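My entries follow in the order I made them.

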Amino acid sequence: MTSFLTQRARVHDARLPLHRRHSALRTCLTLFAPYGFRATYHHLTLSAGIPRRLEADPDALVRAVEELHEARVLWLARAEEYVVRRRAEKRAGRRAVANPRPWWLRSSWAGPDRAWHEDPLRHPSMRLSEYVRRQNAMLDGADLPGCPACGDEGLPESVSTGHGWVELCRACAWTAVPCPCGQRHRLVPELPYGWKEIWQRAHMSDDGMPIPYWPPGRPVGCGAANARDTGSRQPE
């Protein structure tokens with residue numbers, strides 16, 4: 001299995017064709033993606049300004065992989081601390097994993113960030129390293145204001161599940177209050193997206209700036225897109 005650092009070096013290697021360097025970035029994302037693969041890639045296209053035509057700004061790939069690397073270094077340090085502590089706990093006979101589980105061990109389909117996997121245009125706008133620092137701080141018991149994921153302090157939006165209501169962060173769709181039934185419900189984007197178009201950066205111009213509305217009728221930007229469950233909005 002290839003390593004993150006090997007693929008990071010390939011992204012930096014200006015001797016390689018751009019499509020190979022872009023493919024190396026993709027492999028890095030399969031090894032570490034705080035917002036999930038698709039949402040993290042979408043985030044990096046915006047934060048690093050990866051243009052639709054890679055030839056227009058090859059250094060954008062380097063900026064993207066370095067942002068990812070910075071966050072991964074923070075995560076690795078914390079994950080290694082966790083491994084050491086768990087080994088000590090097991091030797092002491094405490095084999096059960098304490099709740100809440102570390103943020104990187106959450107199930108992508110059962111966790112409060114499920115929306116990012118179903119609608120990759122919705123995710124925090126902060127740099128990946130800031131997201132990791134925020135999650136680590138909360139793991140230490142810090143009581144941070146606003147949305148646990150992005151820090152937004154606006155009122156959540158209520159979305160019907162057909163038999164109850166969930167509350168989602170308006171900025172990034174983090175599940176603040178789950179459905180009373182205890183089950184996670186699929187979040188269906190109000191306006192559909194095409195993963196192929198995201199991968200080909202149809203939402204970006206050749207100068208590395210996001211196209212104002214993509215898909216049509218939906219603003220581009222981290223956490224700026226709206227998503228809805230299959231139900232309707234709760235009346236005000």
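**Helix H2 against helix H3.** I looked up the handedness and found that H2 passes H3 in a right-handed crossing (left-handed if the near helix is turned anticlockwise from the far one by less than a right angle, right-handed if clockwise). The model is predicted: local features need pLDDT of at least 70, side-chain atom pairs count only at pLDDT 80 or more, and totals for chains, interfaces and linings use all residues. Residues are numbered from 1 along each chain as its sequence is written, and side-chain values use heavy atoms, with hydrogens and water left out.

I noted an angle of about 130 degrees between H2 and H3 (residues 37-47), with the axes 10 Å apart. Axes are lines fitted to C-alpha atoms, for helices over the stretch in contact, and angles run from 0 to 180 degrees between N-to-C directions. H2 is therefore oblique to H3; angles under 35 degrees count as roughly parallel, over 145 as roughly antiparallel, 65 to 115 as roughly perpendicular and the rest as oblique. Helices (H or I, at least four residues) and strands (E, at least two) are DSSP runs, numbered from the N terminus.

From H2, His22, Arg26, Leu29 and Thr30 make the contact with Phe37, Thr40, Tyr41 and Leu44 of H3 (heavy atoms within 4.5 Å).

**Helix H2 against helix H4.** I then took H2 (residues 18-31) with H4 (residues 59-91): their axes come within 10 Å and cross at roughly 15 degrees. The two helices are therefore roughly parallel to each other. Their crossing is left-handed. On the H2 side I listed Leu18, Arg21, His22, Leu25, Cys28 and Leu29, which meet Leu61, Val62, Ala64, Val65 and Leu68 in H4.

**Arg8.** I found Arg8 in helix H1 (residues 4-12). Is Arg8 buried, partly exposed or exposed? Its relative accessibility is 22%, so Arg8 counts as partly exposed (buried is under 20% relative accessible area, exposed over 50%, partly exposed in between, with a 1.4 Å probe and protein chains only). Leaving out residues up to four places away in sequence, Arg8 touches Cys28, Val65, Glu66 and His69. The C-alpha atoms of Arg8 and Val65 are separated by 6.5 Å, at 57 residues apart along the chain.

S1 and S2 (residues 165-168) pair over four bridges. Ser160 has Trp165 in S2 as its bridge partner.

Technical notes: Pairing = 2+ DSSP bridges.
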